[in-house]
Number of protein chains: 2
Amino acid sequence: MGKNLSKRSEDYSKWYNELVVKADLAENSGVRGCMVIKPYGYAIWEKMQAALDRMFKDTGHENAYFPLFIPKSYLSKEASHVEGFAKECAVVTHYRLKNAEDGSGIIVDPEAKLEEELIVRPTSETIIWDTYRKWIQSYRDLPLLINQWANVVRWEMRTRLFLRTAEFLWQEGHTAHATEAEAVAEAEQMMNVYADFAENFMAMPVIKGTKTESERFAGALETYCIEALMQDGKALQAGTSHYLGQNFAKAFDVMFATKEGKQEYVWATSWGVSTRLMGALVMTHSDDNGLVLPPKLAPIQVVIVPIYKGLDQLNAISEKVAPLVKQLRAKGISVKYDDRDTQKPGFKFNEYELKGVPVRLAIGQRDLDNNTYEVARRDTLQKETVPNDEVVLKIEFLLEDIQRNIYRKALDFRESHVTSVDTYEEFKSVLKNNGGFISAHWDGTVETEEKIKEGTKATIRCIPLEAKEEKGSCMVTGKPSSRRVLFARAY
Amino acid sequence: MGKNLSKRSEDYSKWYNELVVKADLAENSGVRGCMVIKPYGYAIWEKMQAALDRMFKDTGHENAYFPLFIPKSYLSKEASHVEGFAKECAVVTHYRLKNAEDGSGIIVDPEAKLEEELIVRPTSETIIWDTYRKWIQSYRDLPLLINQWANVVRWEMRTRLFLRTAEFLWQEGHTAHATEAEAVAEAEQMMNVYADFAENFMAMPVIKGTKTESERFAGALETYCIEALMQDGKALQAGTSHYLGQNFAKAFDVMFATKEGKQEYVWATSWGVSTRLMGALVMTHSDDNGLVLPPKLAPIQVVIVPIYKGLDQLNAISEKVAPLVKQLRAKGISVKYDDRDTQKPGFKFNEYELKGVPVRLAIGQRDLDNNTYEVARRDTLQKETVPNDEVVLKIEFLLEDIQRNIYRKALDFRESHVTSVDTYEEFKSVLKNNGGFISAHWDGTVETEEKIKEGTKATIRCIPLEAKEEKGSCMVTGKPSSRRVLFARAY
C-alpha cells in the first residue's frame with residue numbers, strides 16, 4: 001500500500017512503534033523517555049478528555065489544580081506510597097543556573113540549593129491530602145469530589161511511546177468521604193465510568209476486576225481495574241480506581257466532625273487514566289494498513305478526496321462538494337475536503353488509511369456525471385457507489401456501524417482469547433501458543449504469584465468481578481482455591 | 001455585609017489577597033510559591049481556556065504537547081534566552097530517592113545523578129524548535145501553527161496568588177513561517193486575538209502596543225502586548241506575542257527549501273497568556289463585597305435562593321422553580337438552585353455576592369402569591385421584582401447588560417486614568433496622586449528608561465500602536481522624541 005509499515009504478524013512491536021510515528025500521533029523527544037504528542041495524536045487525546053471530563057462532571061466531580069512539586073517529606077508520610085514511587089522520580093535540588101567562572105558555560109549554581117528537595121509529582125495523593133486537611137472540617141464538607149488533569153513523571157528506564165513514558169498526561173480523581181461504604185462505592189463507580197468510556201467511546205471491550213495485593217497501587221486497600229486485550233494476546237491495564245481506606249487521612253491528619261460531633265478520619269479514593277489509553281486504542285483496532293479509529297474519537301470522521309484533471313474539473317467537484325460539507329458539519333460531523341494540488345489522490349488515500357479516518361469519499365468526473373460518490377469505510381476497506389441524495393444517510397449509518405463493528409470485532413477476539421486451564425503445563429502451553437487471558441485457580445499467596453511471574457512472565461491481571469465461586473485447586477501448588485483469576489502477559 | 005473583607009480604599013493589596021482566598025479561587029500550598037487552584041477558580045479558568053482555544057482553532061492553530069523538561073544545553077543555545085531564564089529555574093539533577101543507610105529517612109540517591117541536568121520548562125521555545133527541525137523541510141510544511149496548554153515554572157522569589165507564582169498554567173503558541181512578513185502578521189494577529197478575548201470575554205479594556213527593547217521577551221525582536229489597568233491605578237501586562245525573527249531557527253538549525261529550491265532559515269513567533277489573567281479579572285471588576293464576574297466567564301450565571309419556613313413552603317417554591325431552571329438550562333444558561341437547608345438565605349446572599357454570581361433570584365411566600373421573583377444584579381446590586389412570565393427575558397437582558405456595563409465601567413476608569421504630561425515633575429506628581437497610565441515623551445534610550453524606573457518604579461508599559469507621530473522632547477533628558485509612550489507602575 002506504499003505505507004512501508006511492518007506487518008503485525010511479523011513484528012507486532014515494530015508495527016506499533018512505526019505506526020505511532022507514521023500516523024503522526026507522537027514521537028520521541030530529545031529528552032530521555034519524554035515524548036512529543038503531535039497535533040493529530042493530541043486531537044484524539046482532546047476528544048478522550050472531553051468525553052471523560054463530561055462523565056466526571058455528570059457524576060458530580062469538579063476540576064482543580066494542585067502543585068507540580070511535592071516536598072520529599074510529604075512523599076515519605078505514607079510508607080508504602082514512598083516505597084512505590086521513590087525508585088523512579090525526578091528530583092529538583094536547585095533553583096538557579098549561572099555562568100561558570102572558568103567560562104566553560106552554564107552550570108547549576110551550587111549556592112542555589114533547595115533546603116528540601118522537591119519531587120516532580122508521580123501522582124498527587126500526598127500534596128492533595130495535605131490540602132484536604134484545610135478543606136475538610138465537618139461532614140458538611142463531604143463528600144469532596146475532585147479531579148485534576150495534569151502531567152506526571154515516573155522515571156521509567158525502558159520507555160515506549162504512550163505505553164510507558166517518563167512524563168505522561170493523565171487525570172487523577174481524589175475523593176474524600178464520611179464512610180467506608182461511600183468510598184468503596186465511589187471507587188467502584190469510577191471503575192464503571194472507565195469501563196463505559198473504554199467500551200462506548202474507544203470501542204474497546206474490558207474486563208472489570210480487582211488487583212491482587214502485590215499488584216495494588218502503593219497505599220491502596222483495594223485497586224479496581226479495567227483490563228483490555230491487545231491483538232498480540234497481551235493484556236493492557238487501561239484504568240485503575242483505588243479504595244485508599246483511611247491511609248492518607250491518617251498520614252496527613254485529615255479528620256472531620258460527624259453529625260454526632262465525633263472526630264473521625266476521612267475515607268478516600270483515587271482513580272486515573274492516562275495517555276496510555278492512546279496506545280491501547282492503537283493496538284486494539286489498527287491493522288497493517290494503519291490506524292483504525294472509532295468514529296467517536298476520530299479528529300476527522302469523513303474525508304472527501306476530489307479526483308480531477310485540470311482546474312475546471314476541480315471547480316465543478318468543489319461546487320458539488322460544498323453543500324455536502326456544510327450539511328455534514330451542521331450535523332456535528334467532522335469533515336475535511338482535501339483539495340491540495342500538491343499530492344495525488346492515491347497518496348491521499350494512503351494517508352487517510354494510515355491515519356484511520358473512518359469514512360472516505362472520492363468524487364471524479366464519472367461521479368459528477370452519475371450524481372454519485374464512492375464511499376469507503378476504513379474498518380473493512382469496503383467501497384461502494386452511493387447516489388448523492390443518499391450519501392448523508394449512508395455516512396451517518398457508517399459512523400455508527402464502524403463504531404459497533406470494531407467493538408464487536410475486538411470483543412470476538414477477546415472472547416476467543418480467554419482460556420480456562422487446570423494445570424500449569426496447560427497454562428504454559430496456552431501462553432506460548434495462543435496468549436490472551438488465562439483463567440486458572442491460584443492459591444491466593446504472593447509466593448505462588450511470584451513464582452508464576454518468574455516462570456512465565458504472566459501476572460494476575462485481575463480477580464474478575466463476575467468470577468463465580470468455584471471450588472478448585474491451585475494449578476501450581478494444588479492448594480485449595482475458591483475462584484478462578486485471570487492471568488496474562490501484559491504491557 | 002458579613003464577608004469580613006478588607007476595603008479596596010484602605011488596603012488594595014490585602015483586599016485582593018483576601019478575596020482570592022475567600023471567594024474560593026486559589027490558595028497557597030505547602031510548596032513555596034506554588035498555588036492550589038480551587039474548583040471555583042478552576043471553573044473560571046476552564047471557561048477562559050475554552051474561549052481562547054476556540055479562537056486559536058478558528059485562526060488555524062492546532063494543539064500539541066512537548067516535554068516538561070528541557071536539557072540544560074538546549075536552554076543555552078539562544079544566548080539572550082538563557083540569560084533571561086537561567087536565574088530563576090527549577091533544576092532536576094537526580095532521578096531516584098533511597099533509604100539512608102544510617103536510617104535517617106529518605107534521601108536523594110547520589111548514584112542516580114543525571115548526566116545532564118534538566119530544567120523544568122519556564123517556556124518551551126528551545127524544546128519546540130529542537131522538534132521543529134525534524135518537522136520542517138520544505139515550504140509545504142509551513143506555516144506550522146501550534147499551541148500548547150501546559151504548566152511552567154519560574155522560580156520567583158516574591159509570589160502572589162495568580163499574579164506571580166513559581167508554577168503557573170498557560171498556553172504558549174509557537175509558529176513557524178516562510179517569510180518575515182508572515183511571522184510579523186501572525187504575532188500581530190495573536191495580539192489582536194488576546195485583545196478581543198480580554199475585551200469581549202473578560203470585559204477588560206486593554207491598550208495594544210509594543211515593548212521597548214529592555215522589556216522584550218528574552219530572544220524576541222519585537223514583543224507585542226496588551227496592557228490593562230487595575231483599580232489601584234497599576235498596570236497589568238495581560239498577554240504578549242513575540243516576533244522572534246530567525247533567532248531560534250538559527251540556534252536550532254531549522255531551515256526549509258523554498259519554492260525555488262533555496263535553503264532558508266524559518267521565521268518564528270511565540271505568544272502566551274496565563275493564569276495571571278485570573279488576577280487581572282479579579283482586580284478589574286471586583287468590589288468591597290467580593291468578586292464581580294463577567295457573565296461570559298461566570299461558572300454560575302444565575303443562582304436561585306428559596307426563602308421559606310418549613311418543608312411545605314420549600315416544596316411549593318421548588319415546584320415553581322423547576323420549570324424555570326429547565327428553561328434557562330435549555331438556553332445554555334448556567335443556573336444553580338440552592339435549596340440547602342444547612343444555611344440561611346442571608347448567608348447564601350453573602351456567599352454568592354462574594355463569588356460574583358451575576359444574577360441572583362430570590363423567591364418567598366409573597367412571590368409565590370404574586371407570581372414574581374426578586375431579581376438582583378451583582379454589578380450594581382440593584383434589585384427589582386419581576387413577574388414570572390418576564391423573568392427569562394429579564395435574565396437574558398441582565399446577562400448581556402452586566403457584561404456591557406462592567407466593560408463600560410472599566411473603560412471609563414481607564415480613560416480617566418490616562419494622563420499626558422510634559423515634565424518629569426508632573427510625571428512624579430501624577431504617579432503619586434492619580435496613578436494610571438502616563439503618556440510622555442522619552443528619548444528612546446535604555447539609560448533614561450532605567451533612570452525613570454529607579455526613581456519612580458514606573459516602567460514603559462508599551463509604545464501604543466495607536467500613538468500618533470508627535471514632535472516632542474524627553475521629559476527627563478530633553479532630547480528629541482517622535483511619539484509619546486505609556487508609563488505606569490505595574491504588577
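Colleague: In β5(B), which residue is the bridge partner of Val91(A)?
Modeller: This is a predicted model, where local features need pLDDT of at least 70, side-chain atom pairs count only at pLDDT 80 or more, and totals for chains, interfaces and linings use all residues; side-chain values use heavy atoms, without hydrogens and water. Residues are numbered from 1 along each chain as its sequence is written, with chains lettered from A and ligands numbered from 1 in the order written. Strands here are DSSP runs of E with at least two residues, helices are runs of H or I with at least four, and both are numbered from the N terminus. In β5(B), Val91(A) has as its bridge partner His94(B).

Colleague: How many bridges join strand β5 of chain A to strand β5 of chain B?
Modeller: Two strands pair if DSSP finds at least two bridges between them. Both strands span residues 91–94, and they run antiparallel. The number of bridges joining them is three.

Colleague: Which three residues supply 13% of the area that chain A buries against chain B?
Modeller: The contact (heavy atoms within 4.5 Å) takes 66 residues from chain A and 66 residues from chain B. Buried area is the accessible area (1.4 Å probe) that two parts lose on being put together, summed over both. Chain A and chain B bury about 5100 Å² between them, 66% of it on carbon and sulfur atoms. The 13% share, more than any other three residues supply, comes from Tyr65(A), Tyr95(A) and Leu97(A).

Colleague: How far apart are the closest N and O atoms of Lys57(A) and Glu46(B)?
Modeller: A salt bridge is a side-chain nitrogen of Lys or Arg within 4 Å of a carboxyl oxygen of Asp or Glu. Between chain A and chain B the count is four salt bridges. Lys57(A) forms one with Glu46(B), and the closest N and O atoms are apart by 3.1 Å.

Colleague: What separates Asp130(A) and Arg133(A) in helix α5 of chain A?
Modeller: Over all chains, the structure holds 66 salt bridges. Asp130(A) forms a salt bridge with Arg133(A), with the closest N and O atoms 3.0 Å apart. The two are three residues apart in helix α5 (residues 125–135), so what separates them is about one helical turn.

Colleague: Which strands of chain A stand at the edges, each with a single partner strand?
Modeller: In chain A, 11 strands form an open sheet in the order β3-β9-β10-β16-β13-β12-β11-β24-β27-β23-β22, with mixed pairing. Two of these have a single partner strand each, so one side of each is left without a neighbour in the sheet. They are β3 (62–63) and β22 (418–420).

Colleague: Which residue in β10(A) does Ile146(A) stand opposite?
Modeller: Strand β9 (residues 144–153) and strand β10 (residues 167–177) of chain A pair in the antiparallel sense over 10 bridges. Opposite Ile146(A) stands His174(A).

Colleague: Is the peptide bond from Leu142(A) to Pro143(A) cis or trans?
Modeller: Pro143(A) is found in the loop between α5 and β9 of chain A. Omega from Leu142(A) to Pro143(A) is near -5°. The bond is cis.

Colleague: What is the phi of Asp24(A)?
Modeller: Asp24(A) lies in the loop between α1 (12–22) and β1 (26–28) of chain A. Asp24(A) is not a glycine, although its phi is positive. The value is about 65°.
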